[in-house]
Structures are given as structure tokens and as C-alpha cells.
Amino acid sequence: MSEAFPRHVLCVLGAGLGLSEMERIAAGFGGFVLDREYSEAEPDPRMPEAFEASMAAASFDEADWAAVESHDTVGYLLSAPMMQDLAFDTSRRLLAVTAALLRAGALAVKNESSGIAHGRDRWLALADRADEATDEATDEALADALVAAWVKRPIYDGQVLYSCGMHLLGAPEVEIEVGEEPPAKDRLPELVAHLDTLAIYLLTDPRAEEIEDGAGFRMAEDAPRWLLRTGACDRYDEDDLFFNPYGYIRLTPAG
């Protein structure tokens with residue numbers, strides 16, 4: 001396993017919400033600091049394109065896009081590099097930070113460490129879901145909220161659909177083999193559900209720590225059998241924010 005440690009880099013857009021206030025709010029949740037080298041009290045014309053590339057369209061409405069266009073401040077908040085057993089709790093707290101920033105006047109938020117953004121209402125709903133769940137890492141409702149918040153999926157590479165962001169929760173990325181043709185649009189919800197089922201299993205079931213290459217896996221007791229393939233992360237360099245030191249686990253058809 002790689003010795004690289006993942007970290008969150010959260011991009012926060014504001015208008016009238018200064019960098020010092022962003023830093024103060026984040027500090028109240030412990031362990032998050034403002035990157036003063038890259039944060040700027042001026043607009044960045046690249047932001048609309050950057051948010052579009054971060055799957056923002058899935059939950060943005062007209063007000064969200066207008067907010068991005070009207071920002072006058074760009075702050076970058078950093079977590080400390082995360083050891084595996086601290087990642088889940090750090091991500092839970094950062095989701096609470098995100099909600100607090102939005103309620104204090106932040107316009108839009110995206111995560112540079114997984115390339116995902118949500119609209120304001122979506123962020124707040126996910127934060128509420130996480131807040132209502134227990135603080136135990138075995139709680140599936142909490143895991144589901146954190147996967148939805150921080151994990152970008154599905155991404156297609158010509159052979160598999162895969163995720164980016166599970167490293168922020170201390171787990172391997174999840175993948176599913178679909179073949180050389182992009183899956184039909186009406187199949188995507190089912191395939192994403194498979195990815196999410198595997199992701200939540202990895203985060204909540206102690207047996208996940210014992211997964212071996214070639215092991216069998218079922219979404220439910222009476223569901224078709226899949227094979228799990230494991231491997232190291234080879235899509236990104238170790239110094240890339242997307243790099244997952246825990247590798248990936250891929251669902252492949254059993255036969």
C-alpha cells in the first residue's frame with residue numbers, strides 16, 4: 001500500500017463572506033485551515049467551468065449557477081493529511097463545515113479532492129442526513145450520506161464505471177465492469193446502485209477488511225453473484241489529490 005495520505009481541499013465561493021470568516025467557521029469544527037497561498041479575495045473567471053466539470057449540473061439550479069457567476073471571493077479549506085482510521089470522521093465533520101459555510105453566506109462549494117460539487121440545497125440535505133445519523137462508522141445511513149456527498153460517480157473509462165473520492169473515507173474506490181460500449185442511460189441508476197452498495201459495504205461491514213481478489217459478492221442473498229477484483233490505483237500519480245492509496249475493488253460478472 002502507498003504511504004500517501006489523502007486530504008480534503010474544499011473550494012468555497014463567497015460574496016461578502018470574507019476569507020477570515022471562512023477560516024473562523026471551519027476552525028470551529030477542528031482540524032481545518034485556510035490555504036492562504038491559493039485563496040483570493042477576488043473573483044476567479046474559471047469557476048463556472050470548474051463547477052460544470054464537477055458534476056454540478058446533477059443538482060444545480062439557476063440560482064446556484066447565478067451564485068457561482070456572482071462570487072467575489074475564493075477560499076480553499078484544507079484538512080490535515082488523513083490516516084485511514086481518521087478519514088471517515090474527518091469527512092463527516094467537513095460536511096458539517098460545508099453546511100455551516102452555506103448557512104453563513106457561502107455561495108457554492110466543491111471538493112477538489114474528488115472533483116465533485118453539489119447545489120446549495122443538495123449540500124444542506126446531505127449534511128442534515130449525516131447529522132441525523134449516528135456517529136458510529138457502522139451506521140449505513142451515515143455512510144450513505146458521506147458517499148453521496150464526497151464520492152464522484154459514475155465515471156466511465158471505456159471499460160468500467162468507477163468512483164473517485166472513497167479515499168476521503170478511508171476505503172478503496174469502487175468499480176463495475178460494463179464493457180467497451182458506454183452503458184445505456186436507463187441502466188445507469190442500477191449500476192450506480194451497485195457501486196453504492198459495494199461502497200457502503202466497504203465502509204460498514206468488518207468483513208470488508210478481509211476481501212481477497214476473486215471473492216464472490218452479492219447485492220442481496222438472492223441476487224446474482226459477482227466477483228471482486230482488487231488492484232492498486234494506477235489512474236493518478238501519488239501526489240494527485242485524486243490518488244487512492246487503498247486501490248480499488250471492481251465488480252466483474254461471475255460468468
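**Helix crossing, mixed sheet and a buried methionine**

Helix α4 (residues 84–103) and helix α6 (residues 140–150) have axes that come within 10 Å and cross at roughly 65°. Axes here are lines fitted to C-alpha atoms, for helices over the stretch in contact, and angles run from 0 to 180 degrees between N-to-C directions. Helices (H or I, at least four residues) and strands (E, at least two) are DSSP runs, numbered from the N terminus. This is a predicted model: local features need pLDDT of at least 70, side-chain atom pairs count only at pLDDT 80 or more, and totals for chains, interfaces and linings use all residues. Residues are numbered from 1 along each chain as its sequence is written, and side-chain values use heavy atoms, with hydrogens and water left out.

The two helices α4 and α6 are therefore roughly perpendicular (65 to 115 degrees). From α4, the contact (heavy atoms within 4.5 Å) takes in Phe88, Ser91, Arg92, Leu94, Leu95 and Thr98. From α6 come Leu142, Ala143, Leu146, Ala149 and Trp150. By class, eight of these residues are nonpolar, two polar and one charged. Nonpolar means Ala, Val, Leu, Ile, Met, Phe, Trp, Tyr, Cys and Pro; charged means Asp, Glu, Lys and Arg; the others, Gly among them, are polar.

Now the sheet. Six strands form an open sheet with mixed pairing, in the order β6-β7-β8-β11-β10-β9. β6 (152–156) and β9 (215–218) stand at the edges, each with a single partner strand, so one side of each has no neighbour in the sheet. Ignoring direction, neighbouring strands are turned by 30° against each other on average.

Follow the pairings (at least two DSSP bridges between two strands). Strand β8 (residues 173–177) runs parallel to strand β11 (residues 248–253), over four bridges. Val174 faces Ile249 of β11 there. Strand β10 (residues 225–231) is antiparallel to β11, with six bridges. Leu227 has Thr252 in β11 as its bridge partner. β9 and β10 are also antiparallel, joined by four bridges. Here Gly216 stands opposite Leu227 in β10.

Helix α7 (residues 188–204) lies across β6, β7 (160–164), β8, β9, β10 and β11. α7 runs at about 140° to β8.

Finally, Met22, in helix α1 (residues 19–27). Is Met22 buried or exposed? Met22 has a relative accessible area of 0%, which means buried (under 20%, with a 1.4 Å probe and protein chains only). Beyond neighbours within four places in sequence, Met22 contacts Val12, Leu13, Gly14, Leu17, Thr73, Gly75, Leu77 and Leu101. Thr73 is 51 residues away along the chain, yet the C-alpha atoms of Met22 and Thr73 are separated by 10 Å.

Notes:
Parallel < 35°, antiparallel > 145°, perpendicular 65-115°, else oblique. Buried < 20%, exposed > 50% of the residue type's maximum accessible area, 1.4 Å probe, protein only.
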